[in-house]
4 protein chains.
Amino acid sequence: MANIASEEKIARRKAEILAASIEVFSSQGFHKAGIADIAKQLNIGHGTIYRYFKNKRDIFNAILADLLGQMAEIVMQEPPTTDSLDEYAGQLQRIADGLLAIFNRDPRLARIAFYESLGVDPEATESVEHLLSVFAQFTEQYMKNGIEKGFLRSTMNSRVAANLVTAMLVETIKKVAAKDITDDQEIEAWRQEMIQFMIGGLGR
Amino acid sequence: MANIASEEKIARRKAEILAASIEVFSSQGFHKAGIADIAKQLNIGHGTIYRYFKNKRDIFNAILADLLGQMAEIVMQEPPTTDSLDEYAGQLQRIADGLLAIFNRDPRLARIAFYESLGVDPEATESVEHLLSVFAQFTEQYMKNGIEKGFLRSTMNSRVAANLVTAMLVETIKKVAAKDITDDQEIEAWRQEMIQFMIGGLGR
Amino acid sequence: MANIASEEKIARRKAEILAASIEVFSSQGFHKAGIADIAKQLNIGHGTIYRYFKNKRDIFNAILADLLGQMAEIVMQEPPTTDSLDEYAGQLQRIADGLLAIFNRDPRLARIAFYESLGVDPEATESVEHLLSVFAQFTEQYMKNGIEKGFLRSTMNSRVAANLVTAMLVETIKKVAAKDITDDQEIEAWRQEMIQFMIGGLGR
Amino acid sequence: MANIASEEKIARRKAEILAASIEVFSSQGFHKAGIADIAKQLNIGHGTIYRYFKNKRDIFNAILADLLGQMAEIVMQEPPTTDSLDEYAGQLQRIADGLLAIFNRDPRLARIAFYESLGVDPEATESVEHLLSVFAQFTEQYMKNGIEKGFLRSTMNSRVAANLVTAMLVETIKKVAAKDITDDQEIEAWRQEMIQFMIGGLGR
DNA sequence: TATGAATGAGCCTTCATTCAT
DNA sequence: TATGAATGAAGGCTCATTCAT
């Protein structure tokens, strides 16, 4: 019982540190950010942080892993077995909405996942790339399903297309999370155009 | 006269340092790379580097500026005044080919522009983002021209679409520059699918 | 009454902590050893240790004091009033046996007294040196007694000789406590040679 | 040529750092001593020290290695082939004098070799123990030679005796290097008694 | 112009010790 | 009495940058 309470407390502390770290890492960048900055934000001694995380990198990894986990969950929810272009568009919409919601809730995470993670460490970069590649593999299944059922272009190179779709989605996330888009109408414009573009391209 | 010769010499030295820096930054990453590593590669004293560049960041900026300049030139060559979808597709193709050629010649530049630059410094990130935004603005002109002349989808949000096209292009560059694609056939697949996707989307 | 019981309990706890500390200090060395390591070995909170000892050094001092006390007792038992070389040799033998018994029982104590104590602190070094000097002073009394009674060499500088005897004894203890001598026969060889050497030197 | 000058300069700097380190390590102890303390003594930046030594331990090791090398040289000079007790005594005397000279020149080295080295690191301890064991092995050869030639006691366990002689020598060094003996007469007393004791023991 | 020795800001990390519970 | 969460002094080490030669 005491153990459960303690574990909860530890989890809460860890979460606090992660929250402060998200702020510090996203605003200062991983390298410029100091453990002391994180501690100062929480009004705790900097030694305390080392009771919860092995080192600075460990904190960053935890943030990243948590975020990537959330993103993965969104994608995994959608089975790659739609039966029409409309259905597929709806599915794309749901995935986009799910991911956008994460970064809309906390735009600083986009900075961490798509910018900072690239300067920390080959391993961190790899984590992100890996998730995107998994996402692309999922998407490829959607494509293959669509081609088979006849509602997607048969000339498509599904693997390449899947990567392009992923890139568009990431771009949308980055733009939505950027400070220059706080307008809901603007977000809506991105959402819609992305889907339309994916489905029908630029042509008339 | 002596001045010209001297200036040439300086320019050559600068170029040598930049070349070595591309190697070092792309293989070790900006933060892990040391000025000494660059100097060692050139067999010069590391103090010498500071006679040609103000500091480490300055070297990185120079690499980036040069690269971004090359990229800009490719884009600027194409006037946003095509008259048909085919013509536009051809233009897209040429731009893509031009950019791909740069990174095909030296794939390490992709690492620097699209990975390292994001972890160095807000300013470096900004440089890249700025070029891409300029690129997107150009692209937007193409779109507007196409919509006006009736060969592009009129429901399009040209600004958003331009950004998405940019993202796809960058993704293609990253993939082509990645070591996992050395196959020319594979490159061709990316080039073609990107254009097809842009023009006609995924739908049948 | 409760007080007595309590005191006993305290003493027992202290003893437990000392026992664990002997293990930790002798195996890891004073500086590398952490208070937490000692606590872990006892399955108690590391804060608890500070209820019984003022600090890390205090623990070490207690171990040392206890050990040095035991050693002193052995020596004190022998009156410096033997009447012949044989008697004196026997006395030396008893002292050596007494001391060797202590370290044979727990060889880790040799590590603590003759190795670790020297790297901890000037004060700790001083404690050991002090005991050895007391021991030497005792020995000097034996010598003077022997010279007076005519069974020890009259040319002897008794103070210096006493120190040399002490050094030989300590060396024997160190070797016996070292892991490389587990053989009883080997221990016997040291004991005998030390006494023979002391009495008659190396000469024929 | 420039290289030679440079190497010399480097060697001088290294020597300066070692000299300062001997002072700092012997007075404060290895663990309490800080790199900054050494740098302060030399009025140089502490970063400079790292241009000449890999780390703090490396400095200590260099001091120790140098000292142990000097000691080894003294011993190696004496061939284990004396022909009489007197000759052997003379040889012992020379070795003792040689070693004592080292520590008389700089008594702080005794602190480092016989005290500090034991608290730094198992490896450092090992270095010293190793030299002493080599010394003892040499001594054993002297003993065996003496026994064979009949001028040393045939009942002797030469290995054990060699270790005891080593211990006496080290004890003499420690005492001579200790501050309490600055008196030359006192040093002489130790030298003589050690030899007499070794040769003839305590007995009359 | 080239060099590389010197510098010291800066930062991560450890761990003995304290103290509220 | 026992605990272990919190603390922060302390220090080793790196490396971009400077500058005397």
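Chain B and chain A bury about 3,700 Å² between them, and 59% of that area lies on carbon and sulfur atoms. Keep in mind as you look around that this is a predicted model.

**Who takes part**
- The contact draws 44 residues from chain B and 44 residues from chain A.
- Three residues, B:R153, B:L164 and B:L202, supply 20% of the area that chain B buries against chain A, more than any other three residues.

**Charged and polar links**
- How many salt bridges cross the interface of chain B and chain A? The rule finds four.
- One of the salt bridges joins B:R153 to A:E193, with the closest N and O atoms 3.1 Å apart.
- Between chain B and chain A, 15 residue pairs are in polar contact, counting pairs with both residues at pLDDT 80 or more.

**The chain B side, helix by helix**
- The elements of chain B that give two or more residues to the side touching chain A are α5 (85-105), α6 (108-120), α7 (122-149), α8 (158-177) and α9 (184-200).
- Which element gives the largest share of this side? That is α8(B), with eleven residues.
- Sorted by class, the side of chain B that touches chain A has 22 nonpolar, twelve polar and ten charged residues.

**Chains C and D**
- The same surface serves both copies, as 100% of the contact residues of chain C recur in chain D.

Conventions
Residues numbered from 1 in each chain as written. Chains lettered and ligands numbered in written order. Predicted model: local features only at pLDDT ≥ 70, side-chain atom pairs only at ≥ 80, totals over all residues. Heavy atoms only, no water. Contact = heavy atoms within 4.5 Å. Buried area = accessible area lost by both parts, 1.4 Å probe. Salt bridge = Lys/Arg side-chain N within 4 Å of Asp/Glu carboxyl O. Polar contact = N/O pair within 3.5 Å; in protein donor to acceptor, adjacent residues only side chain to side chain. Helix = DSSP H or I, 4+ residues; strand = E, 2+ residues; numbered from the N terminus. Nonpolar A, V, L, I, M, F, W, Y, C, P; charged D, E, K, R; others polar.
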